[in-house]
Amino acid sequence: MNKTEYLLACLSEECAEVQKNVGKALRFGLDDIDPNTKLGTNGELILEEFYHICAVVELLQEDGIIRKPSGYWKREMENDKKKRVTKFMEYSKQKGTLK
Ligand SMILES: [Mg+2]
């Protein structure tokens, strides 16, 4: 395994950790705290793991493995995603799957 593969494995793990905490939030609520670990609310843990993703992405960018976007390009991607999510949220309402 080389460094790129190592960092990509880390990125994959961090994405899975976000996914796990989103699942917990859907099942038990954003404000729920796991009584066994007491690490924080599900909402806090989602955010924490999101920042872990950002940290690993930065390491990949620092090594030139993936490119670092300009601020403008990053905002464009974010705005575009927000528009698509909003659009499909409306579609879900029309279909009756989102109340
Ligand atoms: Mg993590």
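**Close-up views of charged and nonpolar surface groups**

View 1. F50 is found in helix α2, where a helix is a DSSP run of H or I with at least four residues, numbered from the N terminus. In this predicted model, local features need pLDDT of at least 70 and side-chain atom pairs count only at pLDDT 80 or more, while totals for chains, interfaces and linings use all residues. Residues are numbered from 1 along each chain as its sequence is written, and side-chain values use heavy atoms, with hydrogens and water left out. The relative accessible area of F50 is 40%, which makes this residue partly exposed (buried means under 20% relative accessible area, exposed over 50%, and partly exposed in between, with a 1.4 Å probe and protein chains only). Together with L47 and Y51, F50 forms a nonpolar patch on the surface, with about 310 Å² of accessible area for the three residues together. A patch is made of residues with over 30% relative accessible area and no salt bridge, in which like charges are joined within 9 Å and nonpolar side chains (Val, Leu, Ile, Met, Phe, Trp, Tyr) within 5 Å; the areas come from the Shrake-Rupley method with a 1.4 Å probe.

**View 2. The negative patch that includes D31.** D31, D32, E44 and E48 form a negative surface patch, with Asp and Glu counted as negative and the place of each charge taken as CG of Asp or CD of Glu. Among these residues, D31 lies in the loop between α1 (3–28) and α2 (42–62), and D31 is exposed, with a relative accessible area of 68%.

**View 3. K38 in the loop between α1 and α2.** K38 has its place in the loop between α1 and α2, and with a relative accessible area of 63% this lysine is exposed. The phi angle of K38 is near 50°, which is a positive value in a residue other than glycine.

View 4. The structure holds four salt bridges, a salt bridge being a side-chain nitrogen of Lys or Arg within 4 Å of a carboxyl oxygen of Asp or Glu. One of them joins E78 to K74, with the closest N and O atoms 2.9 Å apart; the two residues are separated by about one helical turn, because they stand four residues apart in helix α3 (residues 71–95). E78 is partly exposed at 37% relative accessible area, and K74 is partly exposed at 42%. Another salt bridge links R84 with D80, where the closest N and O atoms are 3.1 Å apart, and R84 and D80 are likewise four residues apart in helix α3, about one helical turn. The side chains of K93 and E90 also meet in a salt bridge, at 3.4 Å from N to O; K93 and E90 are three residues apart in helix α3, so about one helical turn separates them.

**View 5. K99 after helix α3.** K99 has its place in the segment after α3, and its relative accessibility of 85% counts as exposed. The side chain of K99 reaches the backbone oxygen of G96 at 3.0 Å.

How values were computed. A polar contact is a pair of N or O atoms within 3.5 Å; within protein, one must be able to donate a hydrogen and the other to accept it, and residues adjacent in sequence count only if both atoms are side-chain atoms.
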